[in-house]
Amino acid sequence: MRKSLEAVSLAALAFVVWITWQAIYGPNPLPGRIPIHFDLAGHPNGWGSPATLWIICAAPVGLYLFLSLMKTRLLEASNYPVEVTDENRDRLEALNLDLIAWIKTEMVCLFAWIQWSVLQAARHPERGFAAIPQLIALLVVILTTALWFKVAMRRAAH
């Protein structure tokens, strides 16, 4: 499962980089001034250069690298919802590695969605940017994943 999640994460990263590159340097580049900040209603209230899109692109790349390189340390520093014993340690660590893989994949995919939405808002400013559904999706997906793994760890402890 972790290898599949890794493939999805890498595909989402490639997508973010590719759409950013296309928006800035591709055959149909963005204009010199694009909306880069939006209010909660989705209306642009900040403008800037298309080059600022690389910041949104750098966030999932940095997150991916951090979680990939630090997963061993994250595993050691984890606070499990159950007592870790010699009998359940391997199961709990495997679940924790799965949790890290899921969170990494979900976050990278979320940033891909955000970048896509920002680019659509930059190309069609009259449509705005639907930030609220993305924030709700982030909360629901991440919290559901964390809750699912908490329950799985409780079951694995017995």
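**How the helices pack**

Analyst: This is a predicted model. Helices H1 and H2 are roughly antiparallel to each other.

User: What makes H1 and H2 roughly antiparallel?

Analyst: The axes of H1 (residues 2–25) and H2 (residues 53–77) cross at roughly 160°. Angles over 145 degrees count as roughly antiparallel, and therefore H1 and H2 are given that name. The two axes come within 10 Å, and the crossing is left-handed.

User: Which residues make the contact of H1 with H2?

Analyst: On H1 they include Leu10, Leu13, Val17 and Trp21, and on H2 they include Trp54, Cys57, Val61 and Tyr64. The residues of this contact divide into 14 nonpolar, 3 polar and 1 charged.

User: Why is H2 called roughly antiparallel to H3?

Analyst: H2 and H3 (residues 89–123) pack at an angle of about 180°, with axes 10 Å apart. The cut-off is over 145 degrees, so H2 is roughly antiparallel to H3. Their contact includes Leu63 and Leu67 of H2 and Met107 and Phe111 of H3. It comprises 18 nonpolar, 3 polar and 3 charged residues.

User: How do you know that the length of H1 agrees with what its residues should span?

Analyst: H1 has 24 residues, which at 1.5 Å a residue should span 34 Å. The end C-alpha atoms of H1 are 34 Å apart, so the two values agree.

User: What makes a residue of H1 buried, and which residues are buried?

Analyst: Buried means under 20% relative accessible area. Among the buried residues of H1 are Leu5, Ala12, Val16 and Ile19. The cover over the buried residues of H1 includes H2 and H3.

Technical notes: Residues numbered from 1 in each chain as written. Predicted model: local features only at pLDDT ≥ 70, side-chain atom pairs only at ≥ 80, totals over all residues. Heavy atoms only, no water. Axes fitted to C-alpha atoms, helices over the stretch in contact; angles between N-to-C directions. Helix = DSSP H or I, 4+ residues; strand = E, 2+ residues; numbered from the N terminus. Parallel < 35°, antiparallel > 145°, perpendicular 65-115°, else oblique. Left-handed = near helix turned anticlockwise from the far one by under 90°. Contact = heavy atoms within 4.5 Å. Nonpolar A, V, L, I, M, F, W, Y, C, P; charged D, E, K, R; others polar. Expected span 1.5 Å × (residues − 1). Buried < 20%, exposed > 50% of the residue type's maximum accessible area, 1.4 Å probe, protein only.
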